[in-house]
Amino acid sequence: MDAHHRPETAETLMRSRFAAFRDGDIAWLLASWHPSTRPAELELDEDVRWRGLQIVDTVAGGADDDTGIVEFRATYVADGAHGVLHERSRFVREDGRWFYVDGDFPA
């Protein structure tokens, strides 16, 4: 992982992952995923266009924390329809590096 891909907080990693989804950067998405939950491979739907990211809430996840939660809403367009992905994501920091672990979808 190069220097510009070393987010210092869980929120910064979430923003970086959104940009990777938007830009189709599968290598970065997989590298930012914790090994315990990382899929063996990842295919992105080319018909989905990610448009915006709104951070709804954060719990911990700072430069001095080892865990964090980031709740977000990501807007997209697919097949001409607008949609929103709402997720409450869990992150962990190991050896000074943040990883995405998994997430829940609030009702």
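Residues are numbered from 1 along each chain as its sequence is written, and side-chain values use heavy atoms, leaving out hydrogens and water. Because the model is predicted, local features need pLDDT of at least 70 and side-chain atom pairs count only at pLDDT 80 or more, while totals for chains, interfaces and linings use all residues.

**View 1. Helix 1 and its surroundings.** Helix 1 covers residues 10-23, 14 residues in total. (Helices are DSSP runs of H or I with at least four residues, and strands are runs of E with at least two, numbered from the N terminus.) From first C-alpha to last, helix 1 reaches 20 Å, close to the 20 Å expected at 1.5 Å a residue, where the expected span is 1.5 Å times one less than the number of residues. Its buried residues include Leu13, Met14 and Phe18; buried means under 20% relative accessible area, with a 1.4 Å probe and protein chains only. Among the elements covering them are helix 2 (26-32) and strand 3 (81-94). Just after helix 1, Gly24 takes a positive phi of about 75°.

View 2. Strand 1 (residues 48-60) and strand 2 (residues 67-78) run antiparallel, joined by 11 bridges; strands pair if DSSP finds at least two bridges between them. Look for Val59 opposite Ile69. Six residues lie between the strands, and Gly61 has a positive phi near 80°.

**View 3. Glu71 in strand 2.** Glu71 lies in strand 2 and counts as buried because its relative accessibility is 12%. Its side chain makes a polar contact of 2.7 Å with that of Arg88. (A polar contact is a pair of N or O atoms within 3.5 Å; within protein, one must be able to donate a hydrogen and the other to accept it, and residues adjacent in sequence count only if both atoms are side-chain atoms.)

Definitions and conventions: Buried < 20%, exposed > 50% of the residue type's maximum accessible area, 1.4 Å probe, protein only. Contact = heavy atoms within 4.5 Å.
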